[in-house]
Amino acid sequence: DLMPKVPMVFDFCREASLEAESASPVLFVQAWHPEFAAVERTAEVRTRAKVFGLSDDDVKEVTKMINDNAKKNWDKSAKLWRQDSESYGAVSKALQDEVNAEKKKEEEAAEAKRKEDESNDEERKAALEELEKKRKAKREMEEEKERIRLERKKKLEEERMKRDPWLMVPEVKKAEELLEDLKAQRRDANAKLEFDLSTSLTKDISKAERELKKTIKKAKKEYKKSQKAGDAGTPEKAAEEPASV
């Protein structure tokens, strides 16, 4: 209820209405909001100076009055308004609720990420264990293949020694090792696309193959000669004692 000649202050930012049983004169004065800062008020005065018909001196005087009161009284008024205003409380609560909701959302996302990371860690651990099993099985398979290869090589060497004992003499073995080394170098050069080196090694390989044939032929001849002379001994002895040139 409005009392005659008694002012009433209310927050014009909120919905309000005024009713009367008959026509009644009411003086309505709109004041600056307590949250309307001093710099905003002085800027408003300068912007509207021409409309209000204010001179430069008037503007200076009004803005000085605004700044002086802002320092002395308006900060206190704003604090009181924040304390008692339902509007400020509602807005403040809404903003705080928004901050809390965002914080809660971030915490939930962080927790979900932590659980996901833990799950991924378990999956990675299981995957690594499975990979290690496969690698171990592959190593064992390769080791078994290598063992079989070495056994086969040994058997072939034994059969070779029995069949062609002259192939076991040091000169022949040395020539064979040289040939195998050159072939390995050429394979490496081809893998590295070093074609000039590969071509050069091919020539060296051809030369080594010819030398190997000559060495085998010579070793065979010496072996046959010693056999005829009755001085060949066992194949092992022939392999251990190189034929004299």
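Predicted model: local features only at pLDDT ≥ 70, side-chain atom pairs only at ≥ 80, totals over all residues.
## Helix 5

Helix 5 runs over residues 195-228. Its 34 residues reach 49 Å from the first C-alpha to the last, close to the 50 Å expected at 1.5 Å a residue.

The buried residues of helix 5 are Ser198, Leu201, Ile205, Ala208, Leu212, Ala219 and Tyr223. An α-helix has 3.6 residues a turn, so residues three or four places apart point the same way. Arg210, also in helix 5, is partly exposed, with a relative accessible area of 49%. Arg210 and Ala90 are 120 residues apart in sequence, and their C-alpha atoms are 102 Å apart in space.

## Packing of helix 4 on helix 5

Two packed helices are described by the angle between their axes and the distance between the axes. For helix 4 (170-191) and helix 5, the angle is about 165° and the axes are 9 Å apart. The two helices are therefore roughly antiparallel to each other, the cut-off for that term being an angle over 145 degrees. Helix 4 passes helix 5 in a left-handed crossing.

On the helix 4 side, the residues that meet helix 5 are Glu171, Val172, Ala175, Glu176, Leu179, Leu182, Lys183, Gln185, Arg186, Ala189 and Asn190. Their counterparts in helix 5 are Leu197, Ser198, Leu201, Thr202, Asp204, Ile205, Ala208, Glu209, Leu212, Thr215, Ile216 and Ala219.

Lys183 belongs to helix 4 and is partly exposed, with a relative accessible area of 25%. Leaving aside neighbours within four places in sequence, Lys183 is in contact with Ile205 and Glu209. Between Lys183 and Asp204 there are 21 residues of sequence separation and 9.4 Å in space, C-alpha to C-alpha.

Glu176 is also found in helix 4. With a relative accessibility of 17%, Glu176 counts as buried, because the limit for that class is under 20%. Residues up to four places away in sequence not counted, Glu176 touches Arg160 and Leu212.

## The aromatic pair

The structure holds one aromatic pair. Trp166 and Tyr223 form this pair, with 5.6 Å from centre to centre and 50° between the planes, and the arrangement is tilted.

## Residues with positive phi

Most residues other than glycine have a negative phi, and most peptide bonds are trans. Leu193 has a positive phi, near 60°. The place of Leu193 is the loop between helix 4 and helix 5, and this residue is exposed, with a relative accessible area of 57%.

Lys5 likewise has a positive phi near 60°. Lys5 is in the segment before helix 1 (38-52) and is exposed, with a relative accessible area of 86%.

Methods:
Residues numbered from 1 in each chain as written. Heavy atoms only, no water. Phe/Tyr/Trp six-rings, centres within 6.5 Å; stacked < 30°, edge-to-face > 60°. Helix = DSSP H or I, 4+ residues; strand = E, 2+ residues; numbered from the N terminus. Expected span 1.5 Å × (residues − 1). Buried < 20%, exposed > 50% of the residue type's maximum accessible area, 1.4 Å probe, protein only. Axes fitted to C-alpha atoms, helices over the stretch in contact; angles between N-to-C directions. Parallel < 35°, antiparallel > 145°, perpendicular 65-115°, else oblique. Left-handed = near helix turned anticlockwise from the far one by under 90°. Contact = heavy atoms within 4.5 Å.
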